[in-house]
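Visitor: Hi, could you walk me through this structure? I'd like to start with the ligand and then move on to salt bridges.

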Amino acid sequence: MTINIDEMASFCKRKGFIYPTAEIYGGLAGFFDYGPYGSEMKMNLKNVWWKYHVRSRSDIVGIDGPIITNPTIWKASGHAENFADLMLKSEDGSFEVRADLFLEEKLGKSFDGVSADEVNKLVAEHKLTAPNGKKFKKCESFNLMFTTNVGPKENDKSKAYLRPETAQLMFADFKLVQENARMKLPFGIAQMGRAFRNEISPRNFIFRCREFEQMEIEYFKHPDYDECPFYKEYEDFELNVYSIEHQKKNKEADKMKIKDAVKKGIMQEWHAYFLALELNWFKSLGCNMKNFRVRQHLKDELAHYSTDCWDLEYNFPFGYKELEGIADRGNYDLSRHIEFSKTDLSMFDEEQKKKIVPHVIAEPSLGVDRAFLVFLYEAYNDDKKRGNIVLHLHPKIAPITVAVLPLVKNKEPVTNKAKEVFKLLQDDYSAFYDESGSIGRRYARMDEIGTPYCITIDFDTLEDDTVTIRNRDTTEQKRVKISELKKELII
Ligand code: ATP
């Protein structure tokens with residue numbers, strides 16, 4: 001049995017992972033502070049993502065742009081005008097809620113992409129009211145972009161936006177990146193960092209915040225060639241597929257290999273590849289694939305320029321929800337930036353001897369905070385036998401990799417030796433030194449924040465230079481030479 005989202009929020013606060021922001025002043029809805037262990041884990045998560053998606057591949061390179069950029073970007077992308085959600089407001093103005101989420105909660109199915117007219121109809125048909133019984137006004141649209149001013153004067157010209165996604169600079173910088181890094185199609189540009197959305201109803205802890213982080217890739221291909229050169233690597237990878245047909249027929253997702261999904265025409269090779277690649281990232285970090293599914297967007301959810309979009313969904317305690325979106329965006333973005341900037345962002349195809357505007361065949365867009373929550377849920381185990389919570393985090397993302405614990409704290413030779421071991425490990429691992437409390441209590445504290453290895457230094461260490469390593473998952477202890485330690489601490 002798992003814990004609900006409020007219990008998870010309380011666990012995270014108690015254990016130093018995440019706090020409501022500036023809680024001493026009453027916090028601020030939709031904003032969170034990552035504590036000592038949360039900030040370490042988040043940094044690890046981002047580093048592992050970057051290594052998997054950028055450093056270990058030759059076809060994806062990164063950029064790192066600012067949160068505030070030239071505001072025309074958001075006009076070209078359509079965000080300034082259209083990045084909005086539908087909102088329901090009670091007649092007395094005391095209650096505001098995002099319309100599609102409210103309908104989903106009340107009527108038990110997804111209303112992604114619902115129109116204002118449909119919302120008004122459904123509210124009337126089901127006699128829906130605000131929690132205080134007041135009727136709703138007509139549904140209205142609310143732009144989610146946070147605005148600010150650049151420079152000392154506040155006027156129309158100084159108005160700028162906090163980015164609502166990290167994407168867009170990958171398009172604006174497309175030509176420079178392609179030329180500087182000498183990229184050939186197909187190739188991708190990645191970026192990660194903060195994004196801001198003035199969400200109408202932030203809720204479910206870090207699942208829906210107003211400030212969050214994203215890790216995104218724009219992956220470009222030649223408009224005339226559809227073959228994915230990496231597809232074979234993953235063709236036997238299994239996905240829980242929840243296609244348009246499944247949704248229309250009210251069927252559960254079906255487990256199938258990506259090659260079968262492609263053969264049946266449910267998805268194209270490129271999409272299948274990216275879904276498998278992205279799921280495999282979670283799998284490689286210890287996640288159980290039975291808790292994930294891939295959901296195809298219904299035709300009326302798709303943006304007009306997009307031919308297909310799939311979400312990676314996770315079975316949270318509050319239901320299957322989007323963790324990552326993977327959209328095919330055609331040449332919409334580059335074409336819009338060409339039009340608005342009047343700059344040529346096309347590439348010259350030597351074979352065809354003509355200019356082409358590449359297509360974004362996939363835009364994997366993953367929220368760091370949502371991924372963080374998934375890793376916590378996957379790792380969380382209230383171990384009744386041990387009498388404490390154990391976070392079975394993968395060593396690559398655990399906030400502390402190894403704790404160094406002298407068995408006693410009042411015998412200097414033992415504590416000095418322990419400090420020596422700590423120093424030896426500090427450069428290569430996220431190491432932690434702790435001499436306070438009983439050894440059982442110290443093990444339990446480390447279990448609760450997911451530390452995979454605890455090293456104990458005792459009187460025998462002084463004699464033979466050996467220590468014990470305790471494995472978090474099995475609690476087994478192994479005696480090893482200090483000189484062999486790094487071979488044993490596998491990350
Ligand atoms: P939702 O439908 O849940 O609002 P979205 O479809 O608007 O999400 P995208 O624009 O596709 O989300 O953003 C890509 C990813 O960024 C999401 O899959 C999610 O992981 C993350 N994300 C988006 N909005 C938020 C938010 N308010 N808080 C935390 N993460 C978010």
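This is a predicted model: local features need pLDDT of at least 70, side-chain atom pairs count only at pLDDT 80 or more; totals for chains, interfaces and linings use all residues.

Visitor: Which element gives the most to the shell around the ligand?

Guide: That's E15, with four residues. Strands E10 (211-221), E15 (319-327) and E18 (359-367) each supply at least two.

Visitor: And which residues come nearest?

Guide: Of the 15 residues around the ligand, those are Glu199, Arg208, Cys209, Glu322 and Leu323. Near here means that a heavy atom of the residue lies within 4 Å of the molecule.

Visitor: How far is the polar side-chain atom of Arg208 from an oxygen atom of the ligand?

Guide: 2.8 Å. For Arg98 the distance to a ligand oxygen is 3.2 Å, and a side-chain N or O atom of Gln214 sits 3.1 Å from one. The protein covers 84% of the 590 Å² of accessible area that the ligand has on its own, going by the Shrake-Rupley method with a 1.4 Å probe.

Visitor: Switching topic: how many salt bridges are there in the whole structure?

Guide: A search finds 42, each being a side-chain nitrogen of Lys or Arg within 4 Å of a carboxyl oxygen of Asp or Glu. One of them pairs Arg295 with Glu301 at 2.9 Å, N to O.

Visitor: Is Arg295 buried or exposed?

Guide: Buried, at 5% relative accessibility, and Glu301 is buried too, at 15%. The cut-offs are under 20% relative accessible area for buried, over 50% for exposed and partly exposed in between (1.4 Å probe, protein chains only).

Visitor: What about Lys478 and Glu488?

Guide: Their side chains meet in a salt bridge at 2.8 Å, N to O. Lys478 is in strand E25 (residues 477-481) and Glu488 in helix H18 (residues 485-488), so the pair ties together parts ten residues apart in sequence. Lys478 is partly exposed at 43%, as is Glu488 at 25%.

Visitor: Which residues do shared partners join into one network?

Guide: Asp112, Arg293, Arg295, Glu301, Asp311 and Glu313.

How values were computed. Residues are numbered from 1 along each chain as its sequence is written. Side-chain values use heavy atoms; hydrogens and water are left out. A polar contact is a pair of N or O atoms within 3.5 Å; within protein, one must be able to donate a hydrogen and the other to accept it, and residues adjacent in sequence count only if both atoms are side-chain atoms.
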